[in-house]
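Here is a short tour for you, with the sequence and the model side by side. Take a look first, and then we can walk through it by topic.

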Protein chains: 2
Amino acid sequence: MKRYVLALLIGLLPAVAGAQANPAAQAARSWRQQHERAIVDEFVTLLSIPNIARDREDIQRNAEAIAAMMAKRGLAPKLVSVPGGNPIVFGEIRTPGATRTLAFYAHYDGQPLDAKEWASPPFVPTLRDKPTEDGGQVIPLPPVGATFDPEWRLYARGAADDKAPVIALMTAVDAIRAAGMTFRANIKFAFEGEEEAGSVNLERTLAANKDLFAADLWLMCDAPLYQTRQQSIIFGARGVTQVDITVYGPRAELHSGHYGNWAPNPAMSLARLLTSMKDDKGRVLVEGFYDDVEPLGPVEKRALAEAPAIGTDLMRQFWLGSTDGGPLTLNELITVPSLNIRGMTSSRTGAQASNVIPASATVSIDIRMVKGMDGRKTGQQITDHIRTQGFFVVDREPTADERRAHPKVAKVVVVRTGAGSRTPMDLPISQEVIRTVESVRGRAVKLPTMGGGLPLAQVERPLGTRTIVIPMGNHDNNQHSSDENLRIQNLWDGIELMAALLTM
Amino acid sequence: MKRYVLALLIGLLPAVAGAQANPAAQAARSWRQQHERAIVDEFVTLLSIPNIARDREDIQRNAEAIAAMMAKRGLAPKLVSVPGGNPIVFGEIRTPGATRTLAFYAHYDGQPLDAKEWASPPFVPTLRDKPTEDGGQVIPLPPVGATFDPEWRLYARGAADDKAPVIALMTAVDAIRAAGMTFRANIKFAFEGEEEAGSVNLERTLAANKDLFAADLWLMCDAPLYQTRQQSIIFGARGVTQVDITVYGPRAELHSGHYGNWAPNPAMSLARLLTSMKDDKGRVLVEGFYDDVEPLGPVEKRALAEAPAIGTDLMRQFWLGSTDGGPLTLNELITVPSLNIRGMTSSRTGAQASNVIPASATVSIDIRMVKGMDGRKTGQQITDHIRTQGFFVVDREPTADERRAHPKVAKVVVVRTGAGSRTPMDLPISQEVIRTVESVRGRAVKLPTMGGGLPLAQVERPLGTRTIVIPMGNHDNNQHSSDENLRIQNLWDGIELMAALLTM
């Protein structure tokens with residue numbers, strides 16, 4: 001796997017070699033080289049605190065730990081929340097004479113998980129010499145003063161997504177101060193605690209504290225680097241709308257011998273419904289799905305054309321023999337909306353399976369929305385589509401009489417709705433961010449939007465500000481899955497990048 | 001639910017009233033009325049032993065417990081097995097001057113289960129005053145000498161399927177002897193320990209012990225009564241062929257934002273494959289699937305026409321608003337082969353779900369075979385069908401290179417293959433069984449085949465004998481699912497029925 005990445009990297013070497021033109025980044029490198037173990041120790045401590053958004057006590061412990069990290073650095077931390085929401089950890093640096101304010105966003109909560117699927121417990125941060133997929137072995141942390149191999153990886157939920165920027169930012173503040181350098185802008189930090197739960201309270205929390213969170217630009221520190229390991233700068237994100245669907249068979253599981261051929265099978269019914277939603281090229285067949293998509297402008301189209309082609313290498317890396325959506329490329333495909341099956345269950349498979357007709361079948365779908373689309377409208381289009389397939393639709397458990405009265409019954413719950421967002425690449429502030437990033441990290445890949453769903457719209461709407469996404473994690477970090485990890489070099493690079501942006 | 005059953009029962013009352021013309025059955029009733037608590041106690045003891053076929057130590061404990069029950073009654077028990085197989089518990093009664101031998105088959109293993117889905121632990125037999133679905137409450141066993149309400153139900157894995165006939169047969173032997181009555185035939189008992197695992201060793205075990213198991217007729221005591229609560233006699237069974245299919249997406253789960261629209265989704269691919277296997281009326285579209293089906297003869301067709309119509313009532317009971325296979329009735333549909341999804345999984349749903357493209361999707365399918373079909377051939381037809389849908393097919397985990405080389409890859413494992421079987425209804429021995437059963441239980445429903453998969457062919461082939469299925473469980477016993485139960489009156493009726501057949 002590694003050789004395909006390396007083949008791509010060779011083309012980048014000249015750009016990377018000239019990257020250390022930024023004095024704050026140079027100071028950060030020097031500081032890091034003298035404190036590698038201490039930096040990783042602080043990271044390990046933070047990663048040891050479980051961080052699933054629904055586990056409120058764990059979330060509170062994370063927030064307090066981050067506030068303590070800020071307090072140690074004199075960043076005047078506050079936990080800011082609305083009733084029912086997880087706290088945003090806020091901190092700031094007031095700079096005398098500053099004419100603008102930069103806000104740095106990250107999130108400290110992580111995706112839900114099944115610990116059984118992990119090679120080591122997700123909240124016992126574990127260092128490995130290589131990726132688990134390549135046979136990586138667990139190794140102890142090197143002693144204070146020793147150097148970390150940059151290809152080692154730290155495994156834990158949140159290692160990449162998205163506690164790494166928290167550590168990188170705090171370390172960069174230490175490095176800037178130790179070098180006697182000064183900040184030019186007012187700096188704010190806002191670390192969210194429920195991004196993976198859909199940032200459901202972010203907009204309300206910001207709206208209720210507009211002055212506290214006001215900034216000229218929010219730098220959204222999240223997401224992985226480009227798949228060639230090149231630095232990327234991303235000017236938009238897709239929003240997520242999630243729809244959970246359950247279709248029904250018999251009241252309870254029935255013996256498949258006595259009733260097979262006669263009692264309708266809900267798994268087959270679900271398969272038919274899902275098949276009706278997309279054609280075999282991956283195009284969504286739900287009526288109106290693409291109607292409101294705002295097309296890309298010429299600047300964005302040019303940036304896309306300049307981004308290195310990665311599809312073929314990723315196919316090898318991901319063991320794929322085909323892709324959906326051709327002839328469009330991956331970069332083009334993430335600028336249009338998607339409909340994806342997150343998971344599907346009906347009765348049991350494997351050793352727990354038995355000869356039954358299942359009582360129900362459930363699918364969870366996520367739809368990625370691009371600029372122009374409205375999640376509520378799309379959720380309604382999905383519901384309407386299910387009706388056109390002959391289903392009686394309810395949004396809660398159907399009653400016995402409802403199930404008897406209709407040939408096909410579906411429970412459809414639009415769990416959350418989102419919106420896409422895009423900041424124009426030709427704004428002066430956009431161009432300044434590009435110059436600063438490239439002064440540290442060499443020529444960057446500029447993308448009009450990322451595929452993932454950061455809460456850009458939830459920041460822009462209440463504050464009337466702009467957002468730009470600054471990634472630092474390795475692209476093969478297994479985020480949202482088991483064995484999430486951060487490559488050590490990505491942490492080092494991230495510290496330098498944050499130092500440059502903090503002194504912009 | 002109960003009122004629909006009662007409406008049907010009213011029409012049967014005259015037949016039931018005249019049922020007690022059989023002296024052995026009368027003796028069994030009298031014995032049972034004096035020993036209700038002791039009979040249920042012996043049943044509870046047997047049901048307390050976990051009985052999943054793959055758990056060898058549990059199976060051995062069951063076999064030894066049943067052998068002890070036989071030894072107590074002087075039935076000369078033996079545990080008979082082939083290497084790797086679970087023991088058949090054999091017992092016999094040699095009758096001086098007997099001119100024929102009757103064998104009584106049951107099985108003591110039960111379907112695999114998920115204990116979390118049960119209202120009470122599956123191996124803690126629990127008495128309830130009504131079905132759990134109707135709000136049944138747990139009640140203690142009544143004291144010795146008190147009478148059981150016939151509508152109470154005993155909950156445990158195996159209560160209906162298929163430890164009930166073991167208890168009924170042993171109790172019937174007690175009753176016949178206590179009444180000073182004699183047997184006319186040689187009697188053999190053969191209680192299998194891996195029927196729910198596909199009876200994979202039954203044929204070999206019988207073939208290796210032909211003399212021991214030889215009989216003129218095997219009465220297969222398994223399956224539920226007809227859905228009107230009428231006694232049924234069933235002359236055949238469908239065989240099961242099980243096919244497990246896994247289709248593949250990316251090597252590991254991928255973030256659905258970064259790769260959604262591009263990385264193929266295996267759950268969607270599986271949905272498309274499943275949809276290709278059946279039309280929306282439930283007819284199987286796999287080429288050649290119906291080619292070898294042996295059609296019913298006129299006697300079987302007449303018996304089917306005489307069986308009470310039950311579809312409408314079952315639809316209400318099972319909360320169904322439609323059925324597959326129309327205009328054929330349930331009884332007609334179980335005489336043709338079926339293809340059923342037992343379970344389907346891909347990644348996770350509910351609280352454990354996350355925003356990923358799953359790495360694989362798995363389905364387990366069971367195919368019910370009728371007389372004339374060969375499971376191996378059908379398994380091959382399924383595999384061929386999957387190939388025609390564009391899949392590269394392997395029978396073990398595909399390699400990375402195989403997954404890269406083919407647009408679509410499926411692992412297809414034909415887990416087991418079966419065959420259907422039918423004994424002609426007009427044989428003299430068939431007619432004698434009908435007369436005996438009807439002398440106890442009134443007019444019976446005679447069915448050419450059951451829908452379920454008893455190992456009739458596996459008995460007939462090695463021994464050259466005939467098989468007839470004699471059910472005794474309630475039809476709403478939740479067999480193969482959670483909350484399996486036996487209605488107490490079905491146990492009482494079963495004891496009388498077995499007494500009549502034992503003295504045939």
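Which residue stands opposite B:R128 in β5(B)? That residue is B:R153. Please keep in mind that this is a predicted model. The points below start from the sheet around this pair, then turn to a helix of chain A and to the relation between the chains.

**The sheet in chain B**
- An open sheet of 3 strands runs in the order β4-β5-β20 in chain B, with antiparallel pairing.
- Because β4 (126–128) and β20 (485–487) of chain B are edge strands with a single partner each, one side of each has no neighbour in the sheet.
- On average, and ignoring direction, neighbouring strands here are turned by 25° against each other.
- Between β4(B) and β5 (residues 153–155) of chain B, the antiparallel pairing extends over 3 bridges.
- Helix α18 (residues 488–502) of chain B lies across β5 and β20 of chain B, at about 70° to β20(B).

**Helix α5 in chain A**
- Buried residues of α5(A) are A:I59, A:N62, A:A63, A:I66, A:A67, A:M69 and A:M70.
- These residues cover an arc of only 155° around the axis, so they sit on the same side of α5(A).
- A:E57, A:A68 and A:K72 are exposed on the other side of α5(A).
- The partners that the buried residues pack against are β1 (78–80), β2 (88–93), α6 (164–178) and β6 (186–192) of chain A.
- After α5(A) comes A:G74, with a positive phi near 70°.

**How the chains relate**
- Chain A superposes on chain B (RMSD 0.1 Å) through a rotation of 180° with 0.0 Å of shift along its axis, which is the relation of a two-fold axis.
- Both copies use the same surface, as 99% of the contact residues of chain A recur in chain B.

Terms used:
Residues numbered from 1 in each chain as written. Chains lettered and ligands numbered in written order. Predicted model: local features only at pLDDT ≥ 70, side-chain atom pairs only at ≥ 80, totals over all residues. Least-squares fit on C-alpha atoms with pLDDT ≥ 70 in both. Contact = placed C-beta atoms within 7 Å. Pairing = 2+ DSSP bridges. Helix = DSSP H or I, 4+ residues; strand = E, 2+ residues; numbered from the N terminus. Axes fitted to C-alpha atoms, helices over the stretch in contact; angles between N-to-C directions. Buried ≥ 20, exposed ≤ 12 C-beta atoms within 10 Å, placed from the backbone. Arc of directions from axis to C-beta.
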